[in-house]
Amino acid sequence: MDEAQIYARLAEIVAEVFDQDVVPLTSDLRVEDMDGWDSLSHVRFILTIEKSFKIKFLTSEIGTLETVGDLVAAIKSRV
Amino acid sequence: MNPLYVELQWLPRAPKDFSDRLKALGGEGRSLGRELKALASYALDLNQLTRVAKVLKKARTEGESLDPLSPFRLAILGGSTIDLVVPALTASATRYGISLEIIQPSFDQVAQEALTPDSKVNRSKPDAVLIALDYRALPLKLSFGDTEASNATVRGAIAFLRSIQTGIKTNSGSLCIFQTFAPPVESLFGSLDRGLKGSLRNLIDEVNRELAQLVVGSGDALLDVAALAETVGLADWHNPQLWNLAKLSFSDELIPLYSDHVARTVAAIRGKSRKALILDLDNTVWGGVIGDDGLEGIQIAQGDARGEAHLAVQRLALDLRQRGIVLAVSSKNTDEIARVPFERHPEMLLKMDHFAVFQANWNDKATNIQAIAEELSLGLDALVLLDDNPVERGLVRQLLPEVAVPELPEEPAFYARTLAAAGYFEAVTFASEDLQRAEFYQTNAKRAQLLNQVDGVDAYLSSLDMTISFRPFDNIGKTRIVQLINKSNQYNLTTRRYTEPEVAEAQNNPEVFTLQVRLSDVFGDNGMISVVICRRGAADEWEIDTWLMSCRVLGRKVENAVLDHIVEHARAAGIRKLVGIYRPTDRNKLVADHYAKLRFAKTDEDELGASRWELWIEDAQPTAVPMKVISEGFRSLTRDCSEADAQQRAS
């Protein structure tokens, strides 16, 4: 799976989790700046990414995933 | 994880255009409540449930009508984070026609909330309070092998739960929903944990048992989370990483399942559980199509893998009926043909008189189901339709959305499980307490009787309440007869294999005496368990060509009953001698002494161990067999025969 595909899938997940329309994502977008973000939806966001890409993040790493770029890099290293 | 449960596979899959449909909800002249219920009736994941809940919450805030959903206020006391679960609960309740309002106190204030009269929960006077505790919230002290300390720990935990119950009752008068506790996966001693007093598993087992006793019959409700967790698997239920990260006491993937279980419990409290099960027939109640395959062709026998799957459906339907669920039939069939298996197939568990309504015709099912609802004076929302045909399911869902129609997997072996998993008939109390009491006494009396009786093998056998039934070979039994003849190895005297035409020949030849034997007992129907073929040897003798029996019924004097029956017919047919043959194989040592035990005399034995035995009919004494004997379908009844003989002699 290349980076563009990861971005596309991630955009769909953002729309689903934060209940909004699908919009393209930029790598420097901070997760907590997304519309509808709160600590609860953040948990759902991480869990949905794990399920969708069939990957598991390490507990220690979850706190470091602050931007879309961080997420894409972490996903890319696993799929 | 098992997809049936995790993915709620009894519900139709979420539509591809879920988002669009969500956005298009409500509007002038439409019922938002009804549309939300329809959307929630798909199998939704956590994100989708959360989005449905958001629409619901917005509508409530804006004072929009949610009719026809019935409002229910549920307070939740939890020791761990349930914030993630709350929206899923609201959305799942919609599925059951309930608009759920959730009252949530701050984290970890369980005892305070229950015991303080003016706490948030008590002040809000909810309809019910869900006590959603995890084992980690209980005061459980390990005390290996120390019975006294262990009992004190269990008492302490129950006292804690009881104080919550009393607090809620006194301060808000609300009903409590208690959860049993899912034990952790990690064992300490290994298997020993289960039996070792004071181990965590042992303590949790005991707390669960006592809690269940405390709740059932108290007017409160029980949500058996321990059973749910065991059903999906404890290792999948508990996710230590999620606990550490978010204090979520079970896996996020199971939130939709858990929420559906909470919702069905709330629905049961509101009296919204379903009351009747409507069964389709072809490929649901039996395998095959009665109109095409005929009575001999449908699959419904014990010992036939496909048939047993459909027997399981029948068994579940019967058990539900015993519980008080009304049964009905809706089938596209010609009425008289559809009735035939119920009236004439010996292995059918369901009979005509189990059904309140029997509809076999060629109308569409929606029309028929509407008629059934009217005939039963039940609302459509009290009905469940079990149908293997996805087309019929879709039609009924479309035209009568109030009727519950579970999706079914391709494999019929999972039909019964899927129906049970859907939880349509969830109950929080057992209907009539008087009935319950009467049954309780009756059952205890019966059990005592049973115990008294079991003082000898014969007495035990009688307590099994066996019924043995004999028929000559016929078309209904043929498939199973051929199967037994070609499959039985151990309890098989001659191990002669016959093809279906050969069996048919034996069936139709008046010179050949045949028996198919069935046995039922208190545990259920064992189906066909023995087959016998006798051929005329010399003028007045029958040679037992084939005698085989299922090993499942060994040691029950079935062989004695079979011999008695052969003798009875032989006598009636003017036979004077039975000849038995034992042909040894490497599998049938079990029956080397079969004829000796039945008091045949050995007349011959060759160097390979094959032996020949005989029994003179006039010497044969019937055995007292501990079972009820039914004999039917024989060309000429024994008595008629002997009377005819007697008349002949007289004239």
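## Domains of chain B

Chain B is divided by its domain assignment, automatic or from a database, into domain 1 (3-269), domain 2 (282-421) and domain 3 (465-650). This is a predicted model, in which local features need pLDDT of at least 70, side-chain atom pairs count only at pLDDT 80 or more, and totals for chains, interfaces and linings use all residues. Residues are numbered from 1 along each chain as its sequence is written, while chains are lettered from A and ligands numbered from 1 in the order in which they are written.

Let's look at domains 2 and 3 of chain B. Their C-alpha centres lie 37 Å apart. The contact takes 10 residues from domain 2 of chain B and 10 residues from domain 3 of chain B, where two residues are in contact if their C-beta atoms, placed from the backbone, lie within 7 Å. The side of domain 2 of chain B that touches domain 3 of chain B has four nonpolar, three polar and three charged residues. Here Ala, Val, Leu, Ile, Met, Phe, Trp, Tyr, Cys and Pro count as nonpolar, Asp, Glu, Lys and Arg as charged, and the others, Gly among them, as polar.

## A helix pair in chain B

Two packed helices are described by the angle between their axes and the distance between the axes. In chain B, helix 14 (residues 290-297) and helix 16 (residues 335-344) pack at an angle of about 15°, with their axes 10 Å apart. Helices are DSSP runs (H or I, at least four residues), numbered from the N terminus; axes are lines fitted to C-alpha atoms over the stretch in contact, and angles run from 0 to 180 degrees between N-to-C directions. Helix 14 of chain B and helix 16 of chain B are therefore roughly parallel to each other (angles under 35 degrees).

Which residues touch? B:I290, B:G291 and B:L295 of helix 14 of chain B meet B:I337, B:A338, B:V340, B:P341 and B:R344 of helix 16 of chain B. By class, the residues of this contact are six nonpolar, one polar and one charged.

## Where chain A meets chain B

Turning to the two chains, 10 residues of chain A are in contact with 12 residues of chain B. Helix 1 (3-17), helix 2 (39-53) and helix 3 (59-62) of chain A each supply at least two residues of the side that touches chain B. Helix 2 of chain A gives the largest share of that side, five residues. The side of chain A that touches chain B has five nonpolar, two polar and three charged residues.

Note on methods. Angles under 35 degrees count as roughly parallel, over 145 as roughly antiparallel, 65 to 115 as roughly perpendicular and the rest as oblique.
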